[in-house]
Amino acid sequence: AAFHVPAGLAHPLGLGAALLAAALVHAPAVRTFFAQDDATFLSRAAGIEGTPWSFARPLSEAITWRALYAAFGLHPLPYHVFLLALHLTATALVWWIGLALLGGPGAATAAATLFGASSIAFTPLHWTSGLVELESTTLALACFALWLGARRRGSASWMAGAALAMLAAVLAKESVLLLPLVLLAAERVRASGAPDAPRARAVWPVAAAVLVWGAAFTATIGRVKYLGVGAYTMTADPGFLATNVATYLEWLLRVDVPIRDIVATADSAAWGAAAAMAALIALAVWLDRREPRRPAWVGLAWFGALLLPVVPLSQHTYLYYLYAPWAGMSWLLASLGQRLARAGRLAARAALVLVVAFVALEARQVRERERAMSGDFAADRTVRESTLLRNAMKSLAASGAATLPAGTPVAFVTPAPVRTSMFSPAGAGEHHVYVPLEAALRGGETLRLFHPNLRMLGFADSLPPAWESAEVYQFDNDGTLRDQGRGARALANLGYFALRQQRLEQADAMFRRSRALGDTLPDATFGLIITNSARKDDRAARAVAAEFLRRWPNDPRAATVRQGLAHDTTAAR
């Protein structure tokens with residue numbers, strides 16, 4: 001019978017191989033720190049910010065975060081272990097469903113391996129907020145698996161489980177709402193020996209769960225107002241829709257590119273690769289036409305139904321939007337391989353080699369994406385921000401920032417041209433441009449989460465007079481922070497950094513401001529000796545040097561100053 005699972009879930013070694021492949025490729029993701037929207041969800045879970053409750057993703061964006069925060073606090077490792085566990089669960093479900101659709105454990109293992117090892121899972125596994133994709137996909141797969149079991153057994157309890165899983169899936173992310181269409185596609189090829197039931201009735205419990213959610217979603221979406229606006233702006237322009245679909249099809253084929261969505265927009269040059277991928281899909285469906293289970297047809301239905309809701313999004317096109325649809329494409333490609341392998345033993349071995357090569361290539365691409373750089377920064381946004389935040393929070397902890405009084409203002413200053421325009425619009429000119437660490441701190445949101453006693457003032461390449469009472473941290477491109485103190489001491493320290501950058505005018509100004517705030521420290525005076533000498537103002541340099549020796553004769557630098565004065569006197573004679 002179609003969709004028959006071998007007794008006892010035969011050949012569990014195949015499942016083990018698929019899970020091992022997925023783990024080998026993606027396990028390094030557990031080392032990632034928090035990034036991007038993680039700060040917002042953690043702040044809500046911690047009660048620092050309010051949670052806008054609605055039926056728009058309450059499971060993945062509220063309930064799950066609260067549970068994780070209650071269990072693990074601000075330690076990122078358990079969160080990423082949870083993400084990996086979700087991915088492995090989804091991989092196991094792809095295998096289980098593959099047994100029913102494909103009929104053979106070898107093809108099911110191939111499908112699960114393609115899904116589990118794919119670099120499409122990179123962002124959901126490296127970015128904790130990716131649990132939205134992982135949770136909704138895993139629940140959608142669970143719904144499909146339970147529905148298949150219900151159709152095979154004629155079990156009302158399994159069907160109820162499928163409906164509940166569907167409800168949970170749309171509560172995790174609304175983009176899985178078309179899953180009942182996949183069940184209709186599967187129902188069309190259901191074996192005649194399965195329990196009789198009208199097709200609409202077979203799908204209705206799951207569809208009813210979507211309708212109940214849809215009514216609640218529509219009634220409460222106004223509380224969050226993200227659907228159709230801002231980043232979720234949609235368009236019905238046929239040209240854009242076709243280009244966006246072509247882009248996603250191209251990304252399925254271009255596994256040789258580590259960061260396919262580095263420019264997260266629809267690609268007008270995607271048509272060539274998209275046509276090749278479409279031809280491959282058509283071949284799989286055509287070869288599948290006489291199979292009773294029609295796995296390629298069902299896989300294509302899954303791919304289309306779960307991709308369609310994100311196609312109209314006009315503001316961004318992301319590789320991770322393919323995570324849920326990729327399960328259907330994995331069944332389709334495994335079906336194609338299964339048909340081709342029937343040509344003989346050599347073809348079967350070739351199919352096995354292709355799967356192994358795919359795993360090896362994807363493992364390499366995942367490492368390449370983790371290591372890829374754009375200038376001084378990681379090219380992948382999640383890797384970039386997680387690295388910056390890890391280094392920044394580690395530096396703050398090491399400096400004793402947690403012991404500072406509540407409400408302490410902090411400023412991030414580096415007197416060097418580190419503000420990069422690499423991610424800025426062309427022609428930014430003198431306008432404020434993108435500073436990666438500033439973006440990672442999200443206007444102080446991340447700082448309030450990890451160090452609620454601190455109040456962020458902002459970023460600058462000089463210390464404004466209004467910030468002179470703040471605790472000043474010099475920031476590096478990798479997010480490392482160095483405590484420079486406050487007021488006069490901070491200005492003197494920043495002046496020395498400006499000196500090392502050959503920014504004499506800025507260093508001189510900082511040293512003079514430091515002395516104006518209180519000239520009891522010798523650092524600023526010594527710095528003025530250097531800046532005046534470098535500017536060839538020997539008279540001013542000698543005057544400041546004489547003052548230094550008079551006021552701090554026992555300073556370790558005094559001997560150098562005396563030697564310099566003696567040299568100048570000898571030269572003058």
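# Salt bridges and helix packing in a predicted model

The side chains of E385 and R381 meet in a salt bridge, 3.4 Å from N to O. A salt bridge here is a side-chain nitrogen of Lys or Arg within 4 Å of a carboxyl oxygen of Asp or Glu. A search of the whole structure finds 27 salt bridges. This is a predicted model, in which local features need pLDDT of at least 70 and side-chain atom pairs count only at pLDDT 80 or more, while totals for chains, interfaces and linings use all residues. Residues are numbered from 1 along each chain as its sequence is written, and side-chain values use heavy atoms, with hydrogens and water left out.

**The E385–R381 pair**

- E385 and R381 are four residues apart in helix α16 (residues 381–398), so about one helical turn separates them.
- Helices (H or I, at least four residues) and strands (E, at least two) are DSSP runs, numbered from the N terminus.
- E385 is buried, with a relative accessible area of 1%.
- R381 is partly exposed, at 44%.
- Buried means under 20% relative accessible area, exposed means over 50%, and partly exposed lies in between (1.4 Å probe, protein chains only).

**Other salt bridges**

- Side chains of opposite charge can pair when their charged atoms come close.
- E133 pairs with K173 in a salt bridge, and their closest N and O atoms are 2.2 Å apart.
- E133 lies in helix α7 (residues 131–153) and K173 in the loop between α8 (156–172) and α9 (179–188), so this pair ties together parts that are 40 residues apart in sequence.
- Both E133 and K173 are buried.
- R512 forms a salt bridge with D508, with 2.7 Å between the closest N and O atoms.
- R512 and D508 are four residues apart in helix α20 (residues 504–517), so they are separated by about one helical turn.
- R512 is partly exposed, with a relative accessible area of 44%.
- D508 counts as buried, at 6% relative accessibility.
- A network of salt bridges links D288, E291, R294, R339 and R342.

**Helices α20 and α21**

- Two packed helices are described by the angle between their axes and the distance between the axes.
- α20 and α21 pack at an angle of about 150 degrees, and their axes are 9 Å apart.
- Axes are lines fitted to C-alpha atoms, for helices over the stretch in contact, and angles run from 0 to 180 degrees between N-to-C directions.
- α20 and α21 are therefore roughly antiparallel to each other.
- Angles under 35 degrees count as roughly parallel, over 145 as roughly antiparallel, 65 to 115 as roughly perpendicular, and the rest as oblique.
- The crossing of α20 and α21 is left-handed.
- A crossing is left-handed if the near helix is turned anticlockwise from the far one by less than a right angle, and right-handed if clockwise.
- L504, A507, D508, F511, R512, S514 and R515 in α20 meet D523, A524, T525, G527, L528, T531, N532 and A534 in α21.
- Contact means heavy atoms within 4.5 Å.

**Two residues of α21**

- D523 lies in helix α21 (residues 522–534).
- D523 is buried, with a relative accessible area of 19%.
- The side chains of D523 and R557 are joined by a polar contact of 2.9 Å.
- A polar contact is a pair of N or O atoms within 3.5 Å; within protein, one must be able to donate a hydrogen and the other to accept it, and residues adjacent in sequence count only if both atoms are side-chain atoms.
- Leaving aside neighbours within four places in sequence, D523 is in contact with R489, A492, Y496, F511 and R557.
- L528 is also found in helix α21.
- L528 counts as buried, at 3% relative accessibility.
- Not counting residues up to four places away in sequence, L528 touches D508, F511, R512, R515 and V544.
- L528 and E135 are 393 residues apart along the chain, and their C-alpha atoms are separated by 60 Å.

**Helices α3 and α4**

- The axes of helix α3 (residues 58–72) and α4 come within 9 Å and cross at roughly 135 degrees.
- That makes α3 oblique to α4.
- α3 passes α4 in a right-handed crossing.
- T64, W65, L68, Y69 and F72 of α3 make the contact with P78, Y79 and F82 of α4.
- A85 lies in helix α4 (residues 76–102).
- A85 counts as partly exposed, at 39% relative accessibility.
- A85 and V435 are 350 residues apart in sequence and 34 Å apart in space, C-alpha to C-alpha.
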